[in-house]
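Subject: Structure for your review

Dear colleague,

I am handing over the structure we discussed, with the sequence alongside. My notes on what was found follow below it.

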Amino acid sequence: MSKIPTMTTEISKGRRITGWVLNGLVAAALFMSAIGKISGAEQMQEVMGETGIGDYLVLLGTIEILCVLLFVIPKSRSIGALAIIAYLGGVISFEWSQTSAPFAGILLSVLFWVGLYLREPGRFR
């Protein structure tokens, strides 16, 4: 049997730390958004009420927290990354459907993807 060649690359400590910082910023933003939704913050209720999803704030906040927790726990990090990426895709599509520019969703998605690439470039080959 022949072994499948694998590509291993040495990742510098600075690159790995930068990746974690970017991913941490996105996770923190999602967590803070979730807290605002679950706690029923007035501004969050007002903005989301205008879009028609005010009744689902607790559900959306719970989903955000689950995504972040899955990403933070080492054994479920890959599933958590997929969940965050999927959630942010939903944010982008919802913002587009409301005829507003999906700046926040795109920015968070790009930061998250760049962070993942900086930490684990082997997954992108």
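A residue is called buried when its relative accessible area is under 20%, exposed when over 50%, and partly exposed in between. By that rule Thr51, at 25% relative accessibility, counts as partly exposed. Thr51 sits in helix H2 and touches Phe94 and Gln98, leaving aside residues up to four places away in sequence. Thr51 and Phe94 are 43 residues apart in sequence, while their C-alpha atoms are 9.4 Å apart in space.

Please keep in mind that this is a predicted model. The average pLDDT of the protein is 88, and 93% of the residues score at least 70.

Overall layout

The protein has five helices and zero strands, so the pattern along the sequence reads α-α-α-α-α. Taken along the principal axes, the C-alpha atoms fill a box of roughly 60 × 35 × 30 Å. Of the 125 residues in the protein, 32% are buried. Among contacts with a separation of 6 or more, 61% are between residues 24 or more positions apart.

Helix H4

Helix H4 covers residues 77-97, which is 21 residues. From its first C-alpha to its last, H4 reaches 30 Å, close to the 30 Å expected at 1.5 Å a residue. Its buried residues are Gly80, Ala81, Ala83, Ile84, Tyr87, Leu88, Ile92 and Glu95. These pack against three helices: H1 (13-39), H3 (57-72) and H5 (103-119). After H4 comes Thr99, which has a positive phi, near 60°.

Leu82 also belongs to H4. Is Leu82 buried or exposed? Its relative accessibility is 57%, so Leu82 counts as exposed. Leu82 is 29 residues from Ile53 in sequence, and the two C-alpha atoms are 23 Å apart in space.

Helix H5

H5 has 17 residues, which should span 24 Å at 1.5 Å a residue; the end C-alpha atoms of H5 are 24 Å apart, so the two values agree. Buried in H5 are Gly105, Leu108, Ser109, Phe112, Gly115, Leu116, Leu118 and Arg119. The buried residues of H5 pack against H1, H3 and H4.

Ser109 is found in H5 and has a relative accessible area of 13%, so it is buried. Not counting residues up to four places away in sequence, Ser109 touches Leu88 and Ile92. Leu88 and Ile92 are themselves among the buried residues of H4.

The largest pocket has a volume of about 570 Å³. Its lining consists of 23 residues, and those nearest its centre are Lys37, Met48, Tyr87, Val91 and Glu95. Two or more lining residues come from each of H1, helix H2 (42-51), H3, H4 and H5. Which helix gives the largest share of this lining? H4 does, with six residues. By class, the lining of the largest pocket has 14 nonpolar, six polar and three charged residues. Tyr87 and Glu95, both near the centre of this pocket, are also listed as buried in H4.

The second largest pocket has a volume of about 230 Å³. Phe71, Arg77, Ser78, Ala81, Leu82, Ile85, Trp113, Leu116, Arg119, Glu120, Arg123 and Phe124 line it. The elements that give two or more residues to this lining are H4 and H5. H4 gives the most, with five residues. The lining of the second largest pocket divides into seven nonpolar, one polar and four charged residues. It includes Leu82, which was given above as exposed, and also Ala81, which is buried in H4. From H5, Leu116 and Arg119 belong to this lining and are buried as well.

Regards

Definitions and conventions:
Residues numbered from 1 in each chain as written. Predicted model: local features only at pLDDT ≥ 70, side-chain atom pairs only at ≥ 80, totals over all residues. Heavy atoms only, no water. Helix = DSSP H or I, 4+ residues; strand = E, 2+ residues; numbered from the N terminus. Expected span 1.5 Å × (residues − 1). Buried < 20%, exposed > 50% of the residue type's maximum accessible area, 1.4 Å probe, protein only. Contact = heavy atoms within 4.5 Å. 1 Å grid on protein atoms, 1.4 Å probe; cavity = no way out; pocket = protein on both sides within 12 Å on 5 of 7 lines; lining within 4 Å. Points joined across faces, edges and corners; volume = space filled by probe spheres on them. Nonpolar A, V, L, I, M, F, W, Y, C, P; charged D, E, K, R; others polar. pLDDT = per-residue confidence, 0-100.
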